[in-house]
Amino acid sequence: MLNRRSSIHLFHNDNAITKIINTRVLVVSIVLLSVSLVGCSVQPTAVVPATQEHEAPTKQGARMSVPQQKTQKAYEPSARTNTTYLSPAAQELVVKAKQYSGSGDSVSALRYLERAQRISPRAPQVYLAMAEVRLQQGENRQARQLANKALSLVGDDDDLRLATEQFIDGL
Amino acid sequence: MSKRKSSKPKGHRSPGSEHKSTHFLQKLRPSNGLIFKLIVVFLVVTLSWVIYLDAVVRAKFEGKRWEIPARVYARPLEIYDGLALNADNLQLELRALGYKRTIKADSPGTFSHHGDGLVVYSRGFLFSDGRESARRVAFSIDNDVVSRFYVAKGEQNEILRLEPLQIGGIYPAQKEDRLLVTLDQVSGGLIESLLLVEDRSFENHIGIAPLSIMRAMLANMKAGRVVQGGSTLTQQLVKNFYLSRDKTIVRKATEAIMALLLEFHYDKRDILEAYINEVYLGQAGARAIHGFGMASQFYFGKPLSDLRIDQSALLVALVKGPAYYDPRRHESRALERRNLVLSVLEEEGVLSQSEAIIARGRPLGVIDKPSYSTNRYPAFIDLVKRQLARDYQQEDLQSEGLRIFTTLDPQVQERAEKTLKSTLASLSPKDRDLMLQGAVVVTGSESGEVAALVGGAEPKFSGFNRALDAVRPIGSIIKPAVYLSALKQPDKYTLVSSLKDEPFVLEFDNGERWTPRNFDNKSHGTIPLYQSLSKSYNLSTARLGLELGVDEVSSTLRLLGVGRPVNIYPSLFLGATSLAPFEVTQMYQTIAASGFNVSVRAIRSVTTSSGEELSRYAYEVDQVIDSNVMHLLQYGLIGVAKEGTAKSVYRYLNSDLTIAGKTGTTNDSRDSWFAGFSGDYLGVVWLGHDDNRSTGLTGSSGALKVWGKLMSQFPQRPFDPIKPSGINYRWIDEGTGNLTEDGCSGARFVPFINGSEPEDAQSCTSGFSRARHWFNSLF
């Protein structure tokens, strides 16, 4: 009797949680959408082209590196804080993924998000979207991990940071 | 039906019975009673023989008819605006996929390339997330970046996903390869051609057709050569399906009986479908090409349903002798026989005269032998098999026709193999016995997906897979684990903490002594922690390790993903423990992914032959190291490449391509290591001799060369980590480790975990550092 009652309680709690989750997912999605609109104008980290002559003459290289050694300035990191946003191609895949997760097909959603991740591996939006799908699948632990990953990449985008932190708090 | 029944016993009884009974008669001269008995015995024997054959025929036809090998695919190339893509590498992949370069690229499987502009007409493919239809897409490659992506034909979206390259298969023992098709996937033209050429009376005969044998003989006499065979399709199927290849009377009889039995039990359509999938049509090394479905891919690189009449006519032409008429080796023979088939179609009114003339005028149009002819990347396939073995039985892999979608990037794999081979050749002494060996693993730096895996200097031969199995001392590439263990305690250690780089002796209880030395045999006094890492000094690292303890460092190694038990002595700090290159990759994967453990994976998904997904190996992360702490280590590892032991990598790389990494050299230069990553790729290279001889190489004079040359061939993003929220950057005076200002000489921009910044500050105008620099510069 006691067991049954507690299970009923659990069920109620689950319902309540799902409601909270749904509203939160909505908030996050809105934030993400607004973020992605901004995102298009930001330049992603530039690609460095392949070196045409990949076997540079060693002697010349050695000669060049010797004087460099003496006057070399300390390496200066960029210490960048600007968030990497989704490229338009990755954005298209994330939108498709959201359609799938919206219709309950979380497996397809993840497939699309992994394709987006390969295109924009340092865009926090991909990981947050993955976290949402994992939550939908009931995998709270992985959802939290993915949200942590998103948080580590969020940079100076305060709205996205807030959305991610709220997501984690709600788990 | 009744007709077939009655004919069945007749067919087999007569020839054998006479033969055997006369044989007995001669020897025994028996009475009438004995003859009768013998006939009864013979009937019983024959009947049981037929019953046995019947069981054989039914068991195989109704059971699993064929063992279909698993097909292993590379990752599909996705093309979109902003993709880093080198046009040469793209061409390499398109050619491997069997694409033909044409002027206009106006049919599937072709591409054009004029200046920066490319047009690719894809073929389409059934992926587990849906069908990607054939599309014609134009784009530019400007400075190794794709731009102006435009879909000229087909579904409009921003990504073109090419069909994945088949890189191998997991074959059963007899190495038959086939791609099952159903009758409705076969074009009408092919079936008509097949029946007209091989078995005109197929629709009506009962398994054997004496009349058609005679007709074939007549036709052959008329043509002056063999244009038609006498056996029915059913007999041919039986021959291939159930019997050995020897040509004895008994076998011919068995073949006839079985053909009759097959026709008795089964529908013509079933028999035809089995034939179409069974027939032998070519050879690729040890792999036998069976069935029209596989042959269509093997000769034309496209599905059977897409073949033109001249192409299906060629496949029908091959039935007679795939080796003799091999269109790749005996083009004129194949062309002649194909045109003969087309002429038969014309005679029978299947083709009009003009259609036949056009079809006969076409070239054979056979593609180059596909790259999956043999397992092209045995070391990678080896990894795939090992990862599959966790979830699948070997038997299922060899027989169920599974499709395995892997992470392999054929562009990176090809370049990695060539670069390793050529660099090893340039590093090895001319003496052939001393061939240096090596291994390369390349993964996506965030995803952990294996892009390339090379197991030795001769990558096309499967053998000792050094990438997975060469467990070798790792030397200094272990050091990040030591520094990470220190940086985890921001109250005790920062990047500018002073370390003593001076000799010492450690005596163990058993009397053994440990006296580590620097590579240059010098000591460097008191140095900041970041410099000890970038210059890979052993004395300071060993002292730091002793402060931290072996347990602490080995637990960090475990967190980074090293599963193998490590050395429990302090020599661990300098890498006196052994790992395989693949295990080192896992360790550095966690560093490249900023403290998140991602398993290094070679497989994305496994589907059935019809595309239904059986398993997926999803991206999963597990944060094992705080992002702030990892950011400090990454700063140090970038320093290794910018100003430390790996500086020579910029002989090969563009200076804008920031990378992070670590060199490693073991005792007597037995092993040369480099592990490093950019924004896109993580690569681990090991060089050494299989018998542990000295290589005479350091990490930077050996493995780093391979790494640098390989990475220089791929456009990619630099490693430019975002500053985590718990990090502050400060200007530090290199000499004192005090806070200073931007622009001061000897000032260095260094990250600190909040609250761990140095407290002492010195102003650069009042401090003497600038003055000293100015003073020094006078001389």
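Student: So two strands pair if DSSP finds at least two bridges between them; which residue in β30(B) stands opposite B:Phe674?

Tutor: B:Phe674 stands opposite B:Val685. Strands here are DSSP E runs of at least two residues, helices are H or I runs of at least four, and both are numbered from the N terminus. Please keep in mind that this is a predicted model, in which local features need pLDDT of at least 70 and side-chain atom pairs count only at pLDDT 80 or more, while totals for chains, interfaces and linings use all residues. Residues are numbered from 1 along each chain as its sequence is written, and chains are lettered from A and ligands numbered from 1 in the order in which they are written.

Student: OK, and how many bridges do β29 and β30 of chain B pair over?

Tutor: Strand β29, residues 671–677, and strand β30, residues 681–688, pair over 7 bridges in the antiparallel sense. They belong to an open sheet of 5 strands in chain B, where the order is β17-β16-β30-β29-β28 and the pairing is antiparallel.

Student: Which strands stand at the edges?

Tutor: β17 (450–454) and β28 (660–665) of chain B do, and each has a single partner strand, so one side of each is left without a neighbour in the sheet. From one strand to the next, the twist averages 5°.

Student: What lies across β16, β28, β29 and β30?

Tutor: Helix α23 of chain B, residues 703–711, lies across those strands and runs at about 145° to β30(B). For such angles, axes are lines fitted to C-alpha atoms, for helices over the stretch in contact, and the angles run from 0 to 180 degrees between N-to-C directions.

Student: What is B:Val440 in contact with?

Tutor: Two residues are in contact if their C-beta atoms, placed from the backbone, lie within 7 Å. Leaving aside neighbours within four places in sequence, the contacts of B:Val440 include B:Ala452, B:Val454, B:Gly683, B:Val685 and B:Val706. B:Val440 is also one of the residues that touch the most other members in the largest nonpolar core, which has 188 residues. Such a core is a set of buried Ala, Val, Leu, Ile, Met, Phe, Trp, Tyr and Cys residues joined through C-beta atoms within 7 Å.

Student: Which element gives the most to this core?

Tutor: That is α22(B), with 9 residues. There is also a second, separate core of 52 residues, which includes B:Leu190, B:Val238, B:Met258 and B:Phe292.

Student: Switching topic, is B:Leu272 buried or exposed?

Tutor: B:Leu272 has 21 other C-beta atoms within 10 Å, so this residue is buried. The rule is that 20 or more other C-beta atoms within 10 Å make a residue buried, 12 or fewer make it exposed, and anything in between is partly exposed, with C-beta atoms placed from the backbone. B:Leu272 is found in helix α8 of chain B, and, not counting residues up to four places away in sequence, B:Leu272 touches B:Leu183 and B:Leu233.

Student: And how does A:Gln99 count?

Tutor: A:Gln99, in helix α3 of chain A, has 13 C-beta neighbours inside 10 Å and therefore counts as partly exposed.

Student: Back to α8(B), how do the axes of α8 and α9 cross?

Tutor: The axes of α8 (268–278) and α9 (291–300) of chain B cross at roughly 35° and come within 4 Å. There, B:Ile276, B:Asn277 and B:Glu278 of α8(B) meet B:Gly291, B:Phe292 and B:Gly293 of α9(B).

Student: How many residues does the contact take from chain A and from chain B?

Tutor: It takes 43 residues from chain A and 54 residues from chain B. On the side of chain B that touches chain A, the largest share, 6 residues, comes from α22(B). By class, that side of chain B has 21 nonpolar, 15 polar and 18 charged residues, where Ala, Val, Leu, Ile, Met, Phe, Trp, Tyr, Cys and Pro count as nonpolar, Asp, Glu, Lys and Arg as charged, and the others, Gly among them, as polar.

Student: Last one, how far apart do domain 4 and domain 5 of chain B lie?

Tutor: Their C-alpha centres lie 30 Å apart, with the bounds coming from an automatic or database domain assignment. Their contact takes 11 residues from domain 4 of chain B and 9 residues from domain 5 of chain B, and the largest share of the domain 4 side, 4 residues, comes from α22(B).

How values were computed
Two strands pair if DSSP finds at least two bridges between them.
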